[in-house]
Number of protein chains: 2
Amino acid sequence: MSIDRLQQLIIEKKNPTVVGLDPRPEYIPPHILAEHMAQKGETLEAAADAFYAFNCGLIDTLADIVPAVKPQSAYYELLGPAGVVALHNTVAYAKSKGLYVILDGKRNDIGSTAAAYSDAYLGRVTVGNTTYAPFDADSLTVNAYLGSDGLRPFLETCKTFDKSIFALVKTSNPSSGELQDLRIGDSTLYTVVGDLLDHLGQDSIGICGYSNLGAVVGATYPAEAKALRERLPHTFFLVPGYGAQGGGAADVAPCFAEGGRGAVVNSSRAIMCAWKKTTTGDGSDYQEAARAEAVRMQQDIAGVVGV
Amino acid sequence: MSIDRLQQLIIEKKNPTVVGLDPRPEYIPPHILAEHMAQKGETLEAAADAFYAFNCGLIDTLADIVPAVKPQSAYYELLGPAGVVALHNTVAYAKSKGLYVILDGKRNDIGSTAAAYSDAYLGRVTVGNTTYAPFDADSLTVNAYLGSDGLRPFLETCKTFDKSIFALVKTSNPSSGELQDLRIGDSTLYTVVGDLLDHLGQDSIGICGYSNLGAVVGATYPAEAKALRERLPHTFFLVPGYGAQGGGAADVAPCFAEGGRGAVVNSSRAIMCAWKKTTTGDGSDYQEAARAEAVRMQQDIAGVVGV
């Protein structure tokens, strides 16, 4: 199962973290942006090329110590079609370096359209008699608001091509509770969503004990995460909210099962922008700075959850 | 307000419908696909060029009688970056013909990332000192599961650039009720979401009486639509589920206020694939067939709701 590969990479590297690749122009060392703008002017293509070059530099310096990366689609779409080229190439480059790639797109739609999304990011498309894998990520984030027939096409693709998905359960943002915490009888909406994932994931549980249908559970709500961890023993958690959003190692700990299993914690900005806090501050040492922050995060989290 | 423009176009054309541009290779007349594959082979680029050519042909034949089009992003993303080029160009072409363009992407994320999506599809991005409008649609569909701080960035962009969004409330698919119909006290989840939209939309109500924050309400649940229509007098409804999904004119009628105001009904497949039902059946008359179906749909719906 795909999820076994993620869990195995985490164990091998003793590192239950995923590096978010969420580039914004202001996160990119000025010399990289300048180089590409010198070639292509102040264009979306130049920014997209800079995004990709920055990502490749980060991947090169992190691939031996982190198990996974999570490009956030929004930041690439923001550059129009050129940005989507950078996203596509980032996925391919990260995979070529052995990383597990979680494409963060939070896609959702009714059945036939959900199938188009899942074919796009995890599956295949055929033109004439020729078949392509348009993005070919290992995993995709999705939103479950449409119910199980909005999720099933993604699960079918996961089954056919051995991929995984992570559906939003309890998100890390301040107003996540407005809808997600609503009382449903003795339960809450996010718990009902978690139960649905647990149910739908039952036939894709790998040897690691987790299914290919994971859950997004924010580090900023540790009490809720603890209850979900106990309730959903076969659901792998993707955990945003560490670092810039305020969560620390103690906050992410409840997302993990024993031995640091069953969860992966995302950090984006702290790693991508680590260069802004070094003595040079000019971005020339962005790789060393990112690696140092990734090591610090690994030690911080592994020290608490014991992977 | 942006929503005034949509309502005005509907009134001018006496047509409360939107044409879904959801191309799949099998929806495209064979001669169009063949022409582009002859030029570029069995490639994603050829398929994307065929999508765009087909869309332009549909827009040319429909622009004087329909107010709006709704490209479904999934089908373009399915062709990778080349498909996103076709999406971008389709939005631009439809706008150049005076159509209101609702980009159906069902985007959602936490605040800063939601801002990237809304800047991408409705707003602007700056590279160096140069500003671009990456997609520049009139409207975008979104998913409200993250709560109000996931919606507010979209509303900010709507305010700055005079755009609209439609958030999922009660979707048209068979399992939409699994989560959306859950009881919340005396209410349901979809009603709570609807109330949230009503609240957040209060400061963007146009002269037409509706706000720039609309709701997606499926035609396949007419009783729920009727209750929502009464409850949310300032919320414009985008109504999927007519035609191929089983809803008829009587089913969409409850989504409308008096005089056929306050809603727009989508049809995709019936119009795009109308050529398959003509006597030639070879797609050579796809424009005439699409126009005939669009006229039939206008008469069917306008006859019942009286726009």
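How many aromatic pairs does the rule count over all chains? The count comes to 12 in this predicted model. The legends below present two of these pairs and the interface of the two chains.

**Figure 1. The aromatic pair A:Phe51 and A:Tyr76.** The ring centres of A:Phe51 and A:Tyr76 lie 6.1 Å apart, and their planes stand at 90°, so the pair is edge-to-face. A:Phe51 belongs to helix H3 (residues 44–62) of chain A and A:Tyr76 to helix H4 (residues 73–77), so that distant parts of the chain, 25 residues apart, are linked. A:Phe51 is buried, with a relative accessible area of 1%; A:Tyr76 is likewise buried, at 0%.

**Figure 2. The aromatic pair A:Tyr210 and A:Phe236.** With ring centres 5.5 Å apart and planes at 85°, this pair is edge-to-face. A:Tyr210 lies in the loop between helix H9 (189–200) and strand S10 (213–217) of chain A, while A:Phe236 lies in the loop between helix H10 (222–231) and strand S11 (237–239). A:Tyr210 is buried at 6% relative accessible area, and A:Phe236 is buried at 0%. Together with A:Phe166, A:Tyr210 and A:Phe236 form one aromatic cluster.

**Figure 3. The interface of chain B and chain A.** Here 71 residues of chain B are in contact with 71 residues of chain A. The two chains bury about 5600 Å² between them, 60% of it on carbon and sulfur atoms. Four salt bridges are counted between the chains; one of them joins the side chains of A:Asp109 and B:Lys106 (2.8 Å, N to O). On the side of chain B that touches chain A, helix H6 (residues 111–121) gives the most, with seven residues. The residues of that side divide into 35 nonpolar, 24 polar and 12 charged.

How values were computed: Residues numbered from 1 in each chain as written. Chains lettered and ligands numbered in written order. Predicted model: local features only at pLDDT ≥ 70, side-chain atom pairs only at ≥ 80, totals over all residues. Heavy atoms only, no water. Contact = heavy atoms within 4.5 Å. Buried area = accessible area lost by both parts, 1.4 Å probe. Helix = DSSP H or I, 4+ residues; strand = E, 2+ residues; numbered from the N terminus. Nonpolar A, V, L, I, M, F, W, Y, C, P; charged D, E, K, R; others polar. Phe/Tyr/Trp six-rings, centres within 6.5 Å; stacked < 30°, edge-to-face > 60°. Buried < 20%, exposed > 50% of the residue type's maximum accessible area, 1.4 Å probe, protein only.
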